[in-house]
Amino acid sequence: MFRHRIAPLLLLFIPLSLSAQPTTLAVRVIDSQTSEPVADARVIVNHGPAAEPVSAEMEQRDRQFQPKSLLVSKGSKVNFPNRDATQHHVYSFSPAKSFNLELFKDQPEAPVVFDKTGVVEIGCNIHDRMQGFILVTDSGLTARTDASGAASVPLPADVAGIKQLSLSLWHPRLGNVTETVNFTVSLPASGPVELGLDLTPEREKTGRLDGLQKRFQDL
């Protein structure tokens, strides 16, 4: 009799404990050519609630943009403080945001508002090897891969119930750095979803901004 009494309690307890578990999408990003893990890839889930605008910074330090890439939600304001002793001239011609911050030290007068989704490629007209990227998204579900190429995105219940999930990936070594690469993954996934990116070796990326600088000077 004792065992018959406890069994119904266990049957009730199991589904409750399972429903309390958070649902997480786990991905692993690799280089399609070498199968090596890809660190610092941006993962964007194209579903779910929109993220609120934020205030962020992309500083110039040691004649580099830091961070080299920045992901912000649509409508965010980004400051470009200059921590170097020299002046910088920061600009972009990207369709997602075109702007021009002429020679300045310290801090520009006002932040730049990024009000359109897309990849914004940024350069300095004085130091042509400086290159930065701002990814503007309206998704609140994003992640960044670690040194092992792994990333995880907690999914709200309404997104976790979708059978076909749309993802966008981006990395600064993509052949076309102005666009994301899109994937569709099936849910539920029994383990990390492996995604491959066709990346360009670092040595082939040197001097990329020479064309950007020339375009600025030809205006």
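Contact is taken here as heavy atoms within 4.5 Å. The model is predicted, so that local features need pLDDT of at least 70 and side-chain atom pairs count only at pLDDT 80 or more, whereas totals for chains, interfaces and linings use all residues. Residues are numbered from 1 along each chain as its sequence is written, and side-chain values use heavy atoms, with hydrogens and water left out.

Gly 149 touches Val 27, Arg 28, Val 29, Pro 37 and Val 38, residues up to four places away in sequence not being counted. Gly 149 lies in the loop between strand E13 (142–144) and strand E14 (150–155); strands are DSSP runs (E, at least two residues), numbered from the N terminus. At 0% relative accessibility, Gly 149 is buried (under 20% relative accessible area, 1.4 Å probe, protein chains only).

Aromatic rings of Phe, Tyr and Trp (its six-membered ring) pair if their centres lie within 6.5 Å; planes under 30 degrees apart count as stacked, over 60 as edge-to-face and the rest as tilted. The count is 4 aromatic pairs. Phe 80 and Phe 99 form a tilted pair, because their ring centres are 5.5 Å apart and their planes at 35°. Phe 80 lies in the loop between strand E7 (76–79) and strand E8 (88–94) and Phe 99 in strand E9 (residues 97–104), so the pair ties together parts 19 residues apart in sequence.

Phe 99 also pairs edge-to-face with Phe 114, at 6.0 Å centre to centre and 85° between the planes. Phe 114 belongs to strand E10 (residues 112–114). Relative accessible area is 10% for Phe 99 and 0% for Phe 114.

Technical notes:
Helices (H or I, at least four residues) and strands (E, at least two) are DSSP runs, numbered from the N terminus. Buried means under 20% relative accessible area, exposed over 50%, partly exposed in between (1.4 Å probe, protein chains only).
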